Amino acid sequence: MLAHLPLMIVPFILYNIGLAGVFDGPDPWEMELFSLTMISGGVWSMTLADLIVVIALALLFVEVLKSTRTSNASVVDHILSLAVFILFLVEFLLVREAATSLYFVLTFIALFDVLAGFSISLRAASRDVNLR
């Protein structure tokens, strides 16, 4: 059953943990995790918001790979991914603290997960159909 769990729920849960006040500061997403001085002399810093976007993109890659499977369970995967997107969208529209650029990007990634999942599954399923 865990194989059917949409992975985009992880950034959703992480963001809501941040809203609950687990991370420090008034805006926990701007907390600098680390910084590196580049060869050019510029300083690159990774914030918590950047890390969540990177995690969401890595999970999106896995979700796209999962959508290439053709089985009866893939319909369940798509329905659950759509439910996660709806959760993102409802929270973005109704929760004041979720009205941020970071949350919008996460919502868009969840939308892309749904659209890519449906598109890839339809394309993969069309190859499985043989007309004689």
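Biologist: Is the crossing of helix 1 and helix 2 left-handed or right-handed?
Modeller: The crossing of helix 1 and helix 2 is right-handed, meaning the near helix is turned clockwise from the far one by less than a right angle. Helices here are DSSP runs (H or I, at least four residues), numbered from the N terminus. Keep in mind that this is a predicted model, where local features need pLDDT of at least 70, side-chain atom pairs count only at pLDDT 80 or more, and totals for chains, interfaces and linings use all residues. Residues are numbered from 1 along each chain as its sequence is written, and side-chain values use heavy atoms, leaving out hydrogens and water.

Biologist: What angle do helix 1 and helix 2 pack at?
Modeller: About 160°, for residues 9–19 in helix 1 and 48–66 in helix 2, and their axes are 9 Å apart. That makes the two helices roughly antiparallel (over 145 degrees, on a 0 to 180 scale between N-to-C directions).

Biologist: Which residues make that contact?
Modeller: From helix 1 you get Val10, Pro11 and Leu14, and they meet Ile52, Ile55, Ala56 and Leu59 of helix 2 (heavy atoms within 4.5 Å).

Biologist: Switching topic: how many cavities of 30 Å³ or more does the search find?
Modeller: The search of the whole structure finds one. A cavity is a set of points on a 1 Å grid where a 1.4 Å probe fits but cannot get out, and lining residues have an atom within 4 Å of a point.

Biologist: What's the volume of the largest cavity?
Modeller: About 110 Å³, counted as the space filled by probe spheres set on the points.

Biologist: And which residues lie nearest its centre?
Modeller: Glu63, Ser67, Asp77, His78 and Gly117, out of 13 lining residues. Helix 2, helix 3 (73–94) and helix 4 (101–128) each supply at least two residues of that lining.

Biologist: How much space lies in the largest pocket?
Modeller: About 180 Å³. A pocket is an open set with protein on both sides within 12 Å along at least five of seven lines.

Biologist: Which residues are closest to the pocket's centre?
Modeller: Tyr15, Asp27, Pro28, Trp29 and Thr100, from a lining of 16 residues. Helix 1 and helix 4 are the elements giving two or more residues to that lining. The largest share of the pocket lining, three residues, comes from helix 1.

Notes
Angles under 35 degrees count as roughly parallel, over 145 as roughly antiparallel, 65 to 115 as roughly perpendicular and the rest as oblique.
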